[in-house]
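Please keep the sequence and the 3D view at hand while reading.

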Amino acid sequence: MMISAIIRTALVSLRRDRGALALSFILPVVFFSIFAVIFGGRRDRTPKIKVLVVDEDHSRASQRLVQGLNQEGSLVVQTRPQPVKGAEQPEYTAATGEAAVKAGAAPVAVIIPYGFGENPISFGPANASRPTIQLLKDSSDMVAPQVIAGLLQKVAMTSMPDLMAEQGSKYFDQFAGGLTREQRDRLNEGIRYLRERQDSGAATSDSGNGGGIVAVTTRAVVGENKNNPMVSFYAAAIGVMFLLFTASGAAGALLDEVESGTLDRVLSSRVTMTSLMLGKLTYNSLLAFSQLVVMFLWGWAVFKLDFWLHIPGFIVMGICTAVAVAAFGLLLASICKTRAQLGALSTLVILVMSSIGGSMFPRFLMPESMQKAGLLTINAWAIDGFTKIFWRDEPISHLWPQVSVLLAIAIVLFAIARRVARRWEYA
Amino acid sequence: MSLPVTSAPIAPTSSSPPLRVDELVKRFGQVTAVDGITFDLRRGECLGLLGPNGAGKSTLIRSIVGRVIPDSGTISVFGAPADSAAARNALGWIPQELALYPRLSCRENLQSFGRYHGLSGDALKQAVERGLEWSTLIDRADELVRNLSGGMKRRLNMAAGLIHQPQIVLMDEPTVGVDPQSRNRIFEMIEKVQGEGMSIIYTTHYMEEAERLCDRVAIVDHGKIIALGTNTELVQSAFGSRSKMLARFAGAEERVAAWIAQHGGQSINGATQFTIEHPTEITGLLEDSAKNGLELLDVSLHKPNLESVFLHLTGRELRD
């Protein structure tokens with residue numbers, strides 16, 4: 001009897017507390033859906049890996065290899081940059097491919113060097129002068145380079161079996177003293193069969209299953225000199241998420257002031273609503289910026305983050321991020337009626353933004369659609385900016401997209417917050 | 001952030017009263033909170049707005065300080081529109097709520113509100129010290145507000161409203177929820193600023209407060225001023241020189257009832273009430289009751305007060 005009375009009271013309270021209801025039921029469902037999409041939704045089962053391919057050789061073997069990579073369902077192969085204003089761009093070279101990886105266009109570039117086609121298979125005695133495939137990688141993506149390295153071996157095996165057999169027999173002639181006439185005829189017959197099968201399209205890269213035999217040298221072109229590769233990413237990713245929480249909490253002071261009547265008293269003085277909100281925006285931005293400083297200093301002191309080498313970029317990104325999160329917090333606070341409502345709404349919105357925006361799971365590992373959705377969040381732009389500075393060592397001028405978007409977000413959110421706050425201005 | 005330089009106080013002119021409210025109307029949906037209120041606040045006076053909860057007193061005050069936009073009517077402060085910077089500076093508002101920063105100390109609260117009113121430097125420092133002294137919180141100056149007693153918070157709330165030394169002070173029920181001792185302290189604070197020539201509007205639903213502090217009283221009900229004048233004027237206009245005599249008699253009920261009816265009295269809750277023009281009438285009534293064999297148990301004389309005026313005008317008690 002008593003238990004049912006307690007349950008009844010609690011149920012009525014929960015029904016009246018919409019924030020708690022949202023947190024209890026909506027948030028888990030939203031979260032579950034986001035991660036279900038990230039880790040394999042119905043449409044995008046596996047994220048495709050973008051790879052830049054530079055064929056310097058233009059031999060039969062290299063073309064087969066490129067074709068084989070193209071046929072891999074898990075890869076998006078690009079041999080030239082996206083057209084600019086409809087104009088076709090020239091093919092990647094070793095230099096432009098490396099630059100593109102550095103700029104974050106793709107996590108890996110595969111360079112097939114001149115002379116590769118003469119000796120596509122790598123077994124036999126080591127020969128330093130023999131050209132080998134180069135794999136240029138961005139160390140921040142720990143998955144893509146491994147996948148590409150594996151697929152290269154697979155594709156080499158499945159896309160040019162005839163060339164391999166031919167090369168194999170050459171090696172046999174060279175090191176084992178050659179074949180008898182009968183053996184040679186049989187081998188040639190086999191090679192002819194493989195070639196016909198390849199040319200007829202019966203063999204695809206999916207039908208084969210072979211071991212690794214092309215020589216590949218891997219080189220990190222981004223993050224090669226970093227003390228601790230992922231720290232800068234996580235400092236930004238986790239930092240932004242907590243900044244959002246702090247900013248909405250700090251903006252909640254506005255609600256306390258409404259409730260206590262302090263806001264009324266302040267507005268009856270010479271302070272206008274606009275100057276009050278600008279004051280709060282400035283204070284909350286300073287608070288957020290200080291938080292970032294503490295976070296990155298901690299990263300430097302404990303995790304050897306290269307903080308001091310990137311001060312100017314940090315300041316630019318730090319200020320833009322801080323202003324954007326402060327405006328975001330003010331908007332949330334101005335929409336809500338009570339602290340409890342703000343707590344529930346901010347938890348919901350910030351966790352969703354952080355999961356989509358890459359604060360919990362790197363965006364480059366997400367499906368394409370999720371990566372695009374992430375661009376609607378402050379997290380994504382902030383993390384991208386900090387990554388450019390701390391990871392890719394890019395100059396400050398390259399931060400313009402992140403800076404403009406974050407400042408635009410700040411202005412728009414603040415303008416909306418100011419408009420919504422009119423309800424407190426007069427009765 | 002820097003605030004504009006403090007504007008000069010409005011120079012009193014002989015023609016403009018400190019505050020003039022004319023035909024003010026404010027509606028909230030279907031409810032008319034203020035219904036055509038008109039009055040002048042005289043220089044140096046304390047005008048009481050006496051009325052029950054929900055009468056529209058706070059809405060009127062909030063309209064004057066610009067926190068409520070009236071639907072019609074005008075408010076002027078020394079002849080200037082109420083929303084002008086000069087008017088804002090001339091007005092000091094002590095809201096009913098404890099509008100203070102709980103995590104700041106008394107001194108820090110006064111400093112903050114002083115700055116919001118454009119004070120800085122020595123002027124701010126002096127204003128803060130004056131406020132602390134006036135509210136007798138000097139020895140608690142550095143105490144956080146959340147640790148103060150209710151009465152202390154009320155006093156600080158008042159000091160914050162007067163930090164910029166306004167010429168007109170609007171006090172919205174400043175004694176709500178305080179114990180009698182703290183209430184007396186608050187009265188002393190108000191009497192002190194009255195002595196300094198500030199013009200005050202004081203809203204209350206306590207008749208005793210209006211009687212003690214106010215030079216004139218406006219009785220407010222359902223958003224209207226139903227009577228305005230000094231205490232004596234209001235009583236005089238409602239009751240003339242009449243008073244009430246209350247008496248209780250023992251004896252046969254029928255005989256008592258007949259005697260009461262004969263003398264035009266009323267029977268209320270076992271007591272008998274007579275309206276008399278002069279206290280000397282009491283002797284005549286008592287002698288006659290004795291002659292009729294009624295035994296007098298007790299008798300009292302009640303001079304009418306503001307409460308009686310309110311009851312007389314509205315048919316309701318002030319605290320209804």
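## A helix of chain A

The model described here is a predicted one.

Which residues of H5(A) are buried? They are A:Ala144, A:Pro145, A:Ile148, A:Leu151, A:Leu152, A:Gln153, A:Val155, A:Ala156, A:Thr158 and A:Ser159. An α-helix has 3.6 residues a turn, so residues three or four places apart point the same way.

## A histidine in a loop of chain A

A:His310 belongs to the loop that lies between helix H11 (273–303) and helix H12 (311–335) of chain A. Is A:His310 buried or exposed? Its relative accessible area is 9%, and buried means under 20%, so A:His310 counts as buried. The side chain of A:His310 is in polar contact with the side chain of A:Asp393, at 2.8 Å.

## Chain B in outline

Chain B contains 11 helices and 14 strands. Its C-alpha trace spans about 85 × 45 × 40 Å along the principal axes.

Of the 320 residues in chain B, 48% are buried. Among the contacts in chain B with a separation of 6 or more, 71% come from residues 24 or more positions apart.

## The interface between the chains

Chain A contributes 18 residues to the contact, and chain B contributes 31 residues. Together the two chains bury about 2,000 Å², with 52% of that area on carbon and sulfur atoms. On the side of chain A, 42% of the area buried against chain B is supplied by A:Arg265, A:Arg270 and A:Ala427, more than by any other three residues.

How many salt bridges does the rule find across the interface of chain A and chain B? There are 2. One of them joins A:Asp264 to B:Arg62, whose closest N and O atoms are 2.7 Å apart. The interface also has 12 residue pairs in polar contact. Two or more residues on the side of chain A that touches chain B come from each of helix H9 (253–260), helix H10 (262–267) and helix H17 (422–425) of chain A. H10(A) gives the largest share, 5 residues. By class, this side of chain A comprises 6 nonpolar, 6 polar and 6 charged residues.

How values were computed:
Residues are numbered from 1 along each chain as its sequence is written. Chains are lettered from A and ligands numbered from 1 in the order in which they are written. This is a predicted model: local features need pLDDT of at least 70, side-chain atom pairs count only at pLDDT 80 or more; totals for chains, interfaces and linings use all residues. Side-chain values use heavy atoms; hydrogens and water are left out. Contact means heavy atoms within 4.5 Å. Buried area is the accessible area (1.4 Å probe) that two parts lose on being put together, summed over both. A salt bridge is a side-chain nitrogen of Lys or Arg within 4 Å of a carboxyl oxygen of Asp or Glu. A polar contact is a pair of N or O atoms within 3.5 Å; within protein, one must be able to donate a hydrogen and the other to accept it, and residues adjacent in sequence count only if both atoms are side-chain atoms. Helices (H or I, at least four residues) and strands (E, at least two) are DSSP runs, numbered from the N terminus. Ala, Val, Leu, Ile, Met, Phe, Trp, Tyr, Cys and Pro count as nonpolar, Asp, Glu, Lys and Arg as charged, and the others, Gly among them, as polar. Buried means under 20% relative accessible area, exposed over 50%, partly exposed in between (1.4 Å probe, protein chains only).
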